[in-house]
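My notes follow in the order I went.

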Amino acid sequence: MSITLRPVTADNFDEVACLPLLAYQRAYLASNAYSIAEASFFPHLVTRAVYADERPVGFMMYAKPAPGDESGEFGIWRFMISSDHQGKGHGRKALELLLTEMRACAGLRRISISYLPQNEHARRFYASFGFLETEIDEDGEMVAVLSCEGSVGAGL
């Protein structure tokens, strides 16, 4: 099965917006529809549909630095795989693809992501990509950072 990332468009919006989560996960993530709407108002937010072959199975959104921000910090704001496709390796492949896309962006220095401190699955998953926990933020979430100094897009 081939995993790819594609832009969210009018053609796939309905399918991506309605991807299901497990009941307990709904409390931790904004809906895909909300995230897609949010991105329509903020051009530094980038949305991606995760496809398994020709079927959408997930959603991702990341933030580039806002205009005028030269920090080089990008953030993964949303990352979900539909409940019926979890545990199949799709999330791992999707994150690999997203990190590759982000590393090609000009000025990238680091990528951050946050999750609940008690989420051991997230802790292990992101650590396996090199993310290092740095702090608990004002919302009580763990912030983990991946240093990207020297990436393809860094400093371009």
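Entry one, a loop aspartate. I am working on a predicted model. I went to Asp 137 and found it in the loop between strand E6 (132-136) and E7. Is it buried or exposed? Asp 137 is buried, yet I found no salt bridge for it. Its nearest side chain of opposite charge is Arg 110, 11 Å away. A polar atom of the Asp 137 side chain lies 2.9 Å from the backbone nitrogen of Asp 139. Leaving out residues up to four places away in sequence, I listed Ser 114 and Val 143 as what Asp 137 touches.

I counted 31 residues in the largest nonpolar core. Ile 76, Phe 79, Leu 95, Ile 111, Tyr 126 and Phe 131 have the most contacts inside it. I noted the elements that each supply at least two of its residues, including strand E1 (3-7), strand E4 (73-81), helix H4 (120-127) and strand E7 (142-147). Helix H3 gives the largest share, 5 residues. Another core, of 13 residues, lies apart from the largest one. Val 16, Leu 45, Tyr 51 and Met 61 are among its members.

I stopped at Asp 53, in the loop between E2 and E3. Its phi is positive, about 55°, although Asp 53 is not a glycine. Asp 53 is partly exposed, with a relative accessible area of 38%.

Definitions and conventions: Residues numbered from 1 in each chain as written. Predicted model: local features only at pLDDT ≥ 70, side-chain atom pairs only at ≥ 80, totals over all residues. Heavy atoms only, no water. Core = buried A, V, L, I, M, F, W, Y, C linked by side-chain atoms within 4.5 Å. Buried < 20%, exposed > 50% of the residue type's maximum accessible area, 1.4 Å probe, protein only. Helix = DSSP H or I, 4+ residues; strand = E, 2+ residues; numbered from the N terminus. Lys, Arg positive; Asp, Glu negative; His and termini not counted. Salt bridge = Lys/Arg side-chain N within 4 Å of Asp/Glu carboxyl O. Polar contact = N/O pair within 3.5 Å; in protein donor to acceptor, adjacent residues only side chain to side chain. Contact = heavy atoms within 4.5 Å.
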